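This briefing concerns the open spaces in a protein structure and the surroundings of its ligand. Please keep the sequence and the structure in view while reading.

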Amino acid sequence: MSSNMITLALSKGRIFEETLPLLAAAGIEVLEDPEKSRKLILPTNHADVRVVLVRASDVPTYVEYGGADMGVSGKDSLIEHGTQGLYQPLDLRIAKCRVSVAVRKDFDYERAVKQGSRLKVATKYTSIAREFFAAKGVHVDMVKLYGSMELAPLTGLADAIVDLVSTGNTLKANHLVEVERIMDISSYLVVNQAALKLKRERLRRIIDAFASAIPQSS
Ligand code: PRP
């Protein structure tokens, strides 16, 4: 960790886009567009603040081990990673979606659950899925995937998937239906605990500015 630099870990896409107004409230402007550049370290209008682009599921890892001082991470990634070593000061109420169970239209999920059948579940979110089905008393065979979960029920790899749903368009386009909502998701500001002590004032200013700019509606 560069000692005097403040490094913020973000993932490309919705989290990056929806964090920009919060950064603006802290007087921070990112000087390059990640959709146009291949750079992984983006400068800002402050010489001592930079943004690093990492995979969404890697944000908690970067912040825990000090590769970044702070980061914006979906609750899904935080639950899967665990929040050890992370100071988690704010629900930013951005990048909202939900984790749900989905199956093929012709798969009778209710019946499978009632009959106590073993369910083959494909997901990237194995911790969330395990806990959910264990609480329901449903036995599952878990298939770990890293993306395009929607394909699993279509190819016979699984009976059900556990995935993020936002508009529902991806499910619809692949003839899948949402049968259970497991939890609502939003993104959180997470901070490295050592950095919070060493760079307290500058980080506090950013945390407070983010807090003042959290969207209130919906
Ligand atoms: C997520 C998720 C679904 C999709 C749902 O993927 O895995 O595929 O969004 O959104 P919708 O309900 O609005 O169609 P994301 O775009 O985050 O990328 P990923 O597949 O790389 O995780």
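The points below treat the pockets in turn and then the ligand.

The structure is a predicted model. Its largest pocket holds about 950 Å³ of space, and the second largest pocket holds about 160 Å³.

**The largest pocket**

- The lining of the largest pocket comprises 37 residues. Those nearest the centre of the pocket are Ala56, Asp76, Lys124, Tyr125 and Leu164.
- Four elements each supply at least two residues of this lining: helix 1 (14-25), helix 3 (75-81), strand 9 (160-165) and helix 7 (169-173).
- Helix 3 makes the greatest contribution to the lining of the largest pocket, namely four residues.
- Sorted by class, the lining of the largest pocket consists of 14 nonpolar, 14 polar and nine charged residues.

**The second largest pocket**

- The lining of the second largest pocket is formed by Ile6, Ala26, Ile28, His46, Asp48, Val49, Arg202, Arg205, Ile206 and Ala209.
- Helix 9, which spans residues 200-212, gives the most to the lining of the second largest pocket, with four residues.
- In the lining of the second largest pocket, six residues are nonpolar, one is polar and three are charged.

**The ligand and its surroundings**

- The residues around the ligand are Lys124, Glu150, Asp163, Leu164, Val165, Ser166, Thr167, Gly168, Asn169 and Thr170. Among them, Lys124 and Leu164 also belong to the residues that lie nearest the centre of the largest pocket.
- Glu150 has a polar side-chain atom 2.9 Å from an oxygen atom of the ligand.
- For Asp163, a polar side-chain atom lies 3.0 Å from an oxygen atom of the ligand.
- A polar side-chain atom of Thr167 is placed 2.5 Å from an oxygen atom of the ligand.
- On its own, the ligand has 490 Å² of accessible area, and the protein covers 58% of this area.

Definitions and conventions: Residues are numbered from 1 along each chain as its sequence is written. This is a predicted model: local features need pLDDT of at least 70, side-chain atom pairs count only at pLDDT 80 or more; totals for chains, interfaces and linings use all residues. Side-chain values use heavy atoms; hydrogens and water are left out. On a 1 Å grid over the protein atoms alone, a cavity is a set of points where a 1.4 Å probe fits but cannot get out, and a pocket is an open set with protein on both sides within 12 Å along at least five of seven lines; lining residues have an atom within 4 Å of a point. Grid points are joined across faces, edges and corners, and a volume is the space filled by probe spheres set on the points. Ala, Val, Leu, Ile, Met, Phe, Trp, Tyr, Cys and Pro count as nonpolar, Asp, Glu, Lys and Arg as charged, and the others, Gly among them, as polar. A residue is near a molecule or strand if one of its heavy atoms lies within 4 Å of it. A polar contact is a pair of N or O atoms within 3.5 Å; within protein, one must be able to donate a hydrogen and the other to accept it, and residues adjacent in sequence count only if both atoms are side-chain atoms. Accessible areas come from the Shrake-Rupley method with a 1.4 Å probe; for residues, only the protein chains shown count as cover.
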